[in-house]
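The entries follow in the order of the look-ups.

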Amino acid sequence: MTDLQLPPRQRDVLGTSPTRPDAPAKVSGAFAFSSDLTADGAVWGATLRSPHPHARIVALDVSGALAIDGVRAVITAADVPGRNAYGLIESDQPVFADGIVRFVGEPVAAVAAADPTTCQRALDAIVVTYDVLPPLLDPEAAIDPGTASIHPHGNVVRHQRIVTGDPSVVGDVVVEGEYEIGMQDQAFLGLEAALAIPDPDGSGVELHVATQWLHEDRQQIAACLGLPEASVRLVLGGVGGAFGGREDISLQVHACLLALRVGRPVRMHYSRTESFLGHVHRHPARIWMRHHADRHGTLVNIEARFVFDGGAYASTSSAVLINAVTHTQGPYRCPNAVVDGYAVRTNHLPCGAMRGFGVVQACFAHESQMDRLAAACGIDPLDIRRRNAMVTGDVLITGQPVTSVAPVLRCIDETEALPLPTQPVGGDDHPFGRPGGAGLTSDAGNIVRGIGYAVSIKNLMYSEGFDDFSTARCTVDDGQVALKYATAEVGQGFVTIAEQIARSILGLDEVSSETIDTTVGSAGSTSASRQTWMSGGAVEGACRAVRDRLLSDIASERGVEPGRLEVHDCDVVDVVDGWRQPVREAVRGRSFSEEFIHRHRPTVRLNDLGQGECHTAFAFAAHRAVVDVDVDLGLVKVVQIATAQDIGRALNPMSVIGQIEGGVAQGLGLAVMEEIVQVDGVIRNPSFTDYLLPTIADMPPVEIAMIEEYEPESPLGAKGVGEPPTISSTPAIVAAIRDAISQAYPMARPLTRVPVRPHDIVDAISNSR
């Protein structure tokens with residue numbers, strides 16, 4: 001052997017990209033998703049759903065189901081011991097329909113049986129007599145006070161007006177447009193599934209479920225079960241994606257009710273078709289905007305009207321609406337504005353949270369408007385955005401100053417500077433490189449390349465006075481660090497970041513996370529790009545508290561002031577006399593445990609004129625899309641996406657890249673293919689055969705510039721990165737399609753709807769051939 005010394009192993013601290021602790025199990029197939037969970041003696045549960053968008057239940061006969069061998073229980077609204085309603089903001093959605101069904105797929109009854117086949121037989125044996133009622137399907141009609149209400153709480157979930165400055169100002173240049181956004185599904189691959197285990201004496205229940213918010217689920221479930229919250233315990237099951245679709249209750253109450261009724265564990269697992277009916281979706285929206293600018297392209301006034309179709313129940317529609325209307329201006333200064341926004345109930349599928357949470361819809365409209373304004377002013381689309389780009393300290397149309405770091409100009413400039421694709425127009429010889437793909441329908445000579453840009457602003461964390469907090473506990477016992485939190489790990493990687501935080505603060509490398517459940521305080525929802533900031537802040541606070549106790553003990557033993565001691569890498573160091581000791585040795589035989597609750601600064605609810613500091617912080621991004629379009633056939637191939645994103649600080653660079661690429665994929669889906677189609681209130685494409693998703697053949701290379709400007713309001717200097725990639729990627733792609741069309745047909749009508757379908761492109765050029 002020689003004296004060759006190996007370089008020291010890199011510590012898995014903040015700023016590095018360690019292997020996720022759940023990665024080996026996931027790539028080997030050993031990871032237990034919620035659908036894999038079972039228990040001794042478990043039976044199966046299933047739900048009977050309405051086939052009508054609006055109907056009165058005249059009669060409900062379950063006797064045929066109860067007569068089937070192997071059926072353990074059948075439950076309806078009459079069997080709900082507590083409140084027969086739930087909801088994230090208002091409890092307006094029944095556990096089971098009680099007299100009225102308001103959307104196709106509304107739960108009417110549930111069964112427990114020995115196996116899934118028997119469950120289905122039992123559902124088929126339940127006889128429901130309906131008096132079909134006319135459905136309310138037009139969101140505009142829902143706003144009309146003369147329209148009959150489909151819900152006791154009324155048809156309008158929320159109306160919000162924003163008025164700032166002088167809305168009567170008229171610019172030298174005025175452009176307006178009407179825009180439509182289709183209903184998008186979260187399309188998580190892991191279907192809804194749960195395992196409910198009743199207490200032996202029937203006094204409580206333990207639910208293992210894939211969710212985004214354990215404590216909120218527990219609160220709603222307990223109210224429906226008529227139990228104290230302490231009697232309902234939730235454990236996070238393995239989550240196969242979420243994107244907002246697991247914020248609301250789906251099968252949680254049904255599984256618990258059945259388990260308590262039969263006195264045995266109950267498994268429930270949706271099919272893909274049932275999943276489309278069983279969770280909320282992105283709100284379809286209609287948006288009108290009018291932008292006023294001076295002759296140099298500087299914005300002077302914005303007028304806008306938003307109508308969001310929330311479907312049958314409220315879910316988070318009021319909060320989604322507020323996000324949309326407060327982001328009307330985009331990442332641009334504007335002194336005057338008047339905005340009206342409506343979120344309404346219809347007899348469509350319920351809508352709620354999805355990645356981007358209202359800002360996706362607003363961004364598609366305001367970025368389409370900025371392109372129109374650039375054309376009307378004769379200014380380059382990027383230059384008009386630079387001219388109006390906001391900076392830290394600018395004031396939003398709500399009167400709220402932007403105190404976050406706001407590198408909008410950097411986002412624009414660094415996106416433009418990223419290299420363009422070298423791939424020739426129409427791609428290479430591989431058919432996947434052409435519009436239409438393997439169908440070989442496009443000829444290279446008919447393909448036009450287009451380039452488009454879009455820029456976005458997105459609020460982070462919860463808004464409008466919500467008591468937003470996260471709790472974490474750190475325990476150090478003889479050098480082993482254990483972290484406890486209720487932060488739902490839905491694939492975003494918090495389990496990795498949490499352990500990196502602990503290693504960085506404590507100087508100890510043996511760190512693990514305990515079971516994610518409700519035996520610790522709430523962490524809030526894994527949504528709103530909030531967990532790195534909020535739960536990261538809680539873990540940081542708990543670890544700092546443990547570190548301070550350790551340093552205090554060591555200082556006492558050494559007879560020095562605690563302020564002289566710091567943790568440098570893996571050592572405790574006296575910054576005065578240079579004394580040093582490895583942290584691993586310093587904690588030997590010692591035990592500490594500290595809990596910390598992190599809260600962000602307070603926010604307020606908007607007043608009647610839409611004024612108030614309703615948001616916490618903001619992040620920014622810009623996107624450039626390069627597309628190839630066969631204009632005559634209406635076929636599109638996205639060739640490249642480039643993006644520069646304001647991330648604050650890259651705590652785990654690989655996770656940041658993963659979030660950006662994944663968000664771009666969902667933005668691409670909304671731009672050119674993803675849409676839930678409903679006809680007369682009935683979904684026509686409840687499968688991944690007919691609901692089109694981007695595949696590896698559709699996903700382009702993504703060029704990424706991470707803009708790291710430390711965010712002083714964040715406990716770790718980082719901003720959430722999950723939502724911005726989804727927001728401005730969609731309008732960038734549509735802008736690129738418009739650019740390609742205009743090269744071939746300069747008089748073509750602008751595209752104003754997403755997703756852009758082939759016939760939309762053909763219709764746009766139909767009068768300009």
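I took helices (H or I, at least four residues) and strands (E, at least two) as DSSP runs, numbered from the N terminus. I counted a pocket, on a 1 Å grid over the protein atoms alone, as an open set of points where a 1.4 Å probe fits, with protein on both sides within 12 Å along at least five of seven lines, and as lining residues those with an atom within 4 Å of a point.

The model is predicted, with local features needing pLDDT of at least 70 and side-chain atom pairs pLDDT 80 or more, while totals for chains, interfaces and linings use all residues. Residues are numbered from 1 along each chain as its sequence is written, and side-chain values use heavy atoms, with hydrogens and water left out.

Entry: second pocket.
I looked up the second largest pocket and noted about 660 Å³ of space, the volume being the space filled by probe spheres set on grid points that are joined across faces, edges and corners. It has 27 lining residues, and Val636, Val672, Met673, Leu692 and Asp698 are the closest to its centre. Strand E25 (635-646), helix H15 (653-672) and helix H18 (758-765) each give two or more residues to this lining. E25 has the largest share, with four residues. I sorted the lining into 16 nonpolar, five polar and six charged residues. Here Ala, Val, Leu, Ile, Met, Phe, Trp, Tyr, Cys and Pro count as nonpolar, Asp, Glu, Lys and Arg as charged, and the others, Gly among them, as polar.

Entry: salt bridges.
I used the cut-off of a Lys or Arg side-chain nitrogen within 4 Å of a carboxyl oxygen of Asp or Glu. The structure holds 52 salt bridges. One network of them links Arg20, Asp22, Lys26 and Glu489.

Entry: aspartate 92 and arginine 345.
I found these side chains in a salt bridge at 3.0 Å, N to O. The two residues are 253 residues apart, aspartate 92 in the loop between strand E3 (71-75) and strand E4 (100-101), arginine 345 in the loop between strand E15 (337-344) and helix H9 (359-377). Are they buried (under 20% relative accessible area, 1.4 Å probe, protein chains only) or exposed (over 50%), with partly exposed in between? Aspartate 92 is buried at 5%, and arginine 345 is buried at 1%.

Entry: glutamate 675 and arginine 753.
I noted a salt bridge here at 2.5 Å, N to O. Glutamate 675 is in the loop between H15 and strand E26 (678-679) and arginine 753 in strand E29 (residues 753-754), 78 residues apart. Glutamate 675 is buried at 14%, and arginine 753 is buried at 13%.
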